[in-house]
Amino acid sequence: GWFPCNTSSLDIGCGEGDVAAWMATRGFSSVGIDIAPAAITRAKSRYFGVNGTLDFYAMNLCHEALRSRKFKVLIDRGCFH
């Protein structure tokens with residue numbers, strides 16, 4: 001009940017994608033980003049075919065932006081600590 005249902009979520013510093021995938025399976029259009037390409041490769045492999053809308057991108061949030069997407073929920077479990 002913390003987040004508005006059926007909206008978009010961004011997992012910043014998603015690592016291997018656990019939280020982003022969890023959000024996708026609960027009806028969120030979910031995107032996970034991480035600076036480490038190897039982590040994104042593992043996330044894509046682990047959650048290939050997961051039910052729901054789920055995308056992963058390797059990018060540096062300090063220098064790049066997902067300009068074509070807007071998010072209602074931002075999750076930071078592993079980026080700005």
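This is a predicted model: local features need pLDDT of at least 70, side-chain atom pairs count only at pLDDT 80 or more; totals for chains, interfaces and linings use all residues.
**Notebook: pocket, cores, helices**

I started with the lining of the largest pocket, which by class has five nonpolar, two polar and one charged residues. For the classes I took Ala, Val, Leu, Ile, Met, Phe, Trp, Tyr, Cys and Pro as nonpolar, Asp, Glu, Lys and Arg as charged, and the others, Gly among them, as polar.

Residues are numbered from 1 along each chain as its sequence is written, and side-chain values use heavy atoms, with hydrogens and water left out.

**Entry 1: the pocket**

I listed who lines the largest pocket: G1, W2, F3, C5, N6, W22, R26 and F28. The space in there comes to about 170 Å³. A pocket here is an open set of points on a 1 Å grid over the protein atoms alone where a 1.4 Å probe fits, with protein on both sides within 12 Å along at least five of seven lines; lining residues have an atom within 4 Å of a point. Grid points are joined across faces, edges and corners, and the volume is the space filled by probe spheres set on the points.

I then looked up W22, which sits in helix α1. W22 is partly exposed, at 45% relative accessible area. My cut-offs are buried under 20%, exposed over 50% and partly exposed in between (1.4 Å probe, protein chains only). W22 and G1 are 21 residues apart along the chain, and 14 Å separates their C-alpha atoms.

**Entry 2: the cores**

Which residues make up the largest nonpolar core? I got eight: C14, A20, A21, A24, I40, A43, L54 and F56. α1 (18-25), α2 (37-46) and β3 (54-58) each put in at least two residues, and α1 gives the largest share, three. Another core, of six residues, lies apart from it, with L10, I12, V31 and I33 among them. A core means buried Ala, Val, Leu, Ile, Met, Phe, Trp, Tyr and Cys residues joined through side-chain atoms within 4.5 Å. Helices (H or I, at least four residues) and strands (E, at least two) are DSSP runs, numbered from the N terminus.

Next I checked L54: skipping residues up to four places away in sequence, L54 touches A20, A21, A24, S30 and Y47. Contact means heavy atoms within 4.5 Å. Y47 is in the loop between α2 and β3.

**Entry 3: the helices**

In α2 I found A39, I40 and A43 buried. Down the axis of α2 these fall within an arc of 95°, so they line one face of the helix; the arc is that of the directions from the helix axis to the C-beta atoms. The face turned away from that buried side carries the exposed residues P37, T41 and S45. The buried residues of α2 pack against β2 (29-34) and β3.

In α1 the buried residues are V19, A20, A21, M23 and A24. They pack against β1 (8-12), β2, β3 and β4 (73-76). G27 follows α1 and has a positive phi, near 100°.

**Entry 4: S9**

Leaving out residues up to four places away in sequence, S9 touches M23, F28, S29, S30, V31, F71 and V73.
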